[in-house]
Amino acid sequence: MDHKAFIFDIKRNSSEDGPGIRTTVFFKGCPLSCSWCQNPEGISPGPSLSFRAELCRPDQCERPCLKACRLKALTLQDQQLRLDRERCDQCGRCAAVCSQHALERVGQWLSVDELFYRVAIDKPFFDATGGGVTASGGECTTQMNFLHHFFKKLKAAGIHTAIETNGMFNFGRFTRLLLPWLDLVYFDLKLIDEATSIRHTGHSNRPILDNLLRLTECAEIPVKVRIPLIPNITATDENLRGIARFLREHRIEQVSALPYNPLWLDKLQRFGIDTDYRYAAFMSDAEIERCVDSLQAC
């Protein structure tokens, strides 16, 4: 069977997603809907349409996108191109004829062999630095069958494997299909209070906490907990102290904090995403130090 996955980005020469130089593959689809999602184009399991209005010059082209759009989601108003996302079905016909690259269809189907070929090009860098391939997202475990065959092929080639997960997965399938082929798991833990988790991610955190405990008990590979520091949401003293108590109670020691990065905000307009959370500043050293103190206080 020709297994395929829907991928929205492949990032080379990464030094933040595991040991050594890595190639990180971003899979589409995520069960959570975090209001601060750094990769909002990865939430939808299907294709997304990026529209960068600053690149669009309707007066400098023959506007083939208007003819290509069968649903009339694109219109010209006051010499500016307008995109009605409620009409748009993400078919990408407009992007295919856009010479200015203002319209771009995000996401592509790749087979195991196609994706392996693209990442294995970097194997000399992996071998020289102790690096490898990291699966990210979105939530990469939503495409678990594909990952099973992809990781098996990477391991057969002697390539280190890692995943970044939000922990919202079927534990039985994870341990059967993925765990035997993994060298490292980065497990994001965002919120300790269930009601707060539902409010900010759209889901209870109970399955996530249960999966973390079960995984740290059975895994023979490193399971490293990462706590994203999101101002006014996860980076509160109450949340961080609660997480610290939970981790200490269960003797989970491999923990790190990820300071907030506001550079994702430019994606909101590009992908037509509506969210109330728009914190636009990097965290100061003092804010990060306060968060670390809260994690170490319990």
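Mentor: Let us begin with strand E9 (residues 160–165) and strand E10 (residues 184–188), which pair in the parallel sense over four bridges. Strands (E, at least two residues) and helices (H or I, at least four residues) are DSSP runs, numbered from the N terminus. Two strands are said to pair if DSSP finds at least two bridges between them. Within this pair, Thr165 stands opposite Phe187 in E10. Because the model is predicted, local features are described only where pLDDT is at least 70 and side-chain atom pairs count only at pLDDT 80 or more, while totals for chains, interfaces and linings use all residues. Residues are numbered from 1 along each chain as its sequence is written, and side-chain values use heavy atoms, with hydrogens and water left out.

E9 and E10 belong to an open sheet of eight strands, in the order E7-E1-E2-E8-E9-E10-E11-E12, with mixed pairing. Its edge strands, E7 (108–111) and E12 (255–258), each pair on one side only. On average, neighbouring strands of this sheet are turned by 35° against each other, direction ignored. As a general point, strands of a sheet pair through backbone hydrogen bonds, either parallel or antiparallel. Helix H3 (residues 112–120) lies across strands E1 (4–14), E2 (22–27), E7 and E8 (132–137), and runs at about 90° to E7. Such angles run from 0 to 180 degrees between N-to-C directions, and the axes are lines fitted to C-alpha atoms, for helices over the stretch in contact.

Now consider Asn166, in the loop between E9 and helix H6 (171–178). Asn166 counts as buried because its relative accessibility is 5%; buried means under 20% relative accessible area, exposed means over 50%, and partly exposed lies in between, using a 1.4 Å probe and protein chains only. If neighbours within four places in sequence are left aside, Asn166 is in contact with several residues, including Cys30, Glu139, Phe187 and Asp188. Contact here means heavy atoms within 4.5 Å. The side chain of Asn166 also reaches the backbone nitrogen of Met168 at 2.9 Å. By contrast, Asp127 is 39 residues from Asn166 in sequence and 28 Å from it in space, C-alpha to C-alpha.

Asn145 counts as partly exposed because its relative accessibility is 43%. Asn145 touches Arg173 and Leu177, residues up to four places away in sequence not being counted. Phe174 is 29 residues from Asn145 in sequence, and their C-alpha atoms are 9.7 Å apart. In the loop between E8 and helix H5 (144–156) lies Gly138, and the peptide bond from Gly137 to Gly138 is cis, with omega near 20°.

Ser50 counts as buried because its relative accessibility is 0%. Its side chain makes a polar contact with the side chain of Arg270 at 3.2 Å. A polar contact is a pair of N or O atoms within 3.5 Å; within protein, one must be able to donate a hydrogen and the other to accept it, and residues adjacent in sequence count only if both atoms are side-chain atoms.

A hairpin is formed by E4 and E5, with two residues between them. Strand E4 (74–77) is joined to strand E5 (residues 80–83) by four bridges, and the two run antiparallel. Thr75 stands opposite Arg82 in E5, while Asp78 in the turn has a positive phi of about 55°. Lys72, in the loop between H1 and E4, has a phi near 55°, a positive value in a residue other than glycine. Lys72 is exposed because its relative accessible area is 52%.

Finally, the axes of helix H9 (residues 237–249) and helix H11 (residues 285–297) come within 7 Å and cross at roughly 40°. That angle makes H9 oblique to H11, because angles under 35 degrees count as roughly parallel, over 145 as roughly antiparallel, 65 to 115 as roughly perpendicular and the rest as oblique. Residues that meet across this pair include Leu240 and Ala244 in H9, and Cys291 and Leu295 in H11.
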